[in-house]
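User: Hi! I'm new to reading protein models, could you walk me through this one?
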Amino acid sequence: ESRVLKTTTNYIKNPGFTRGYESFWTYTNDSAGASVTIDSSKYSLTKNSVKVTKNASNTGRVNAVQTISNLPAGTYTLSAYINTNGAEIPCGFKHT
């Protein structure tokens, strides 16, 4: 079946982390010993990804957050490539 492709707008700033992450993303961390770094060895569509490292025995959370304001009314699709190395990782978004 053929589908019509249409132009889309990506409202996320720096989605591929090509300009680091500090300017566009906020990270919250209640997990002792966790770190967030840019990783250029594993990526999908761009040359960088964000690497979150955390001790498996620590149950705290590390969150990557970007606030997007003034979105037009409509339906949106959020997608991501996630490499978990076999770990179970909850992933989601929050609408406020």
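**Around Tyr76**

Analyst: Happy to! Let's start with Tyr76, which counts as partly exposed because its relative accessibility is 40%. Keep in mind that this is a predicted model.

User: Where does Tyr76 lie relative to strand S4?

Analyst: Tyr76 sits in the segment after strand S4, and that strand covers 62–65.

User: Now aromatic rings. How many aromatic pairs does the structure hold?

Analyst: There are two aromatic pairs. One of them joins Tyr11 and Tyr76 in an edge-to-face arrangement, with 5.9 Å centre to centre and 75° between the planes.

User: Why does that pair tie together parts that are apart in sequence?

Analyst: Tyr11 lies in the segment before strand S1 (26–29) and Tyr76 in the segment after S4, so the pair links parts that are 65 residues apart in sequence.

User: And is Tyr11 buried, exposed or partly exposed?

Analyst: Tyr11 counts as partly exposed, because its relative accessibility is 33%. To be called buried, a residue has to be under 20%.

User: OK, what about Phe17 and Trp25, how are their rings placed?

Analyst: The ring centres of Phe17 and Trp25 are 5.2 Å apart and the planes are at 35°, so this pair is tilted. For comparison with the cut-offs, planes under 30 degrees apart would count as stacked and over 60 as edge-to-face.

User: Are Phe17 and Trp25 buried or exposed?

Analyst: Both Phe17 and Trp25 are buried. They also belong to the largest nonpolar core, which has five residues: Phe17, Tyr21, Trp25, Tyr27 and Val36.

User: Zooming out, what is the secondary structure of the protein chain?

Analyst: The protein chain has zero helices and four strands. Along the sequence, that reads as β-β-β-β.

User: And how much of the protein chain is buried?

Analyst: Buried residues make up 16% of the 96 residues. The protein chain exposes about 8,500 Å², and carbon and sulfur atoms supply 50% of that area.

User: Last one! What share of contacts join residues at least 24 apart?

Analyst: That share is 49%, taken among contacts in the protein chain between residues at least 6 apart in sequence.

Terms used: Residues are numbered from 1 along each chain as its sequence is written. This is a predicted model: local features need pLDDT of at least 70, side-chain atom pairs count only at pLDDT 80 or more; totals for chains, interfaces and linings use all residues. Side-chain values use heavy atoms; hydrogens and water are left out. A nonpolar core is a set of buried Ala, Val, Leu, Ile, Met, Phe, Trp, Tyr and Cys residues joined through side-chain atoms within 4.5 Å. Buried means under 20% relative accessible area, exposed over 50%, partly exposed in between (1.4 Å probe, protein chains only). Helices (H or I, at least four residues) and strands (E, at least two) are DSSP runs, numbered from the N terminus. Contact means heavy atoms within 4.5 Å. Accessible areas come from the Shrake-Rupley method with a 1.4 Å probe; for residues, only the protein chains shown count as cover. Rings of Phe, Tyr and Trp (its six-membered ring) pair if their centres lie within 6.5 Å; planes under 30 degrees apart count as stacked, over 60 as edge-to-face and the rest as tilted.
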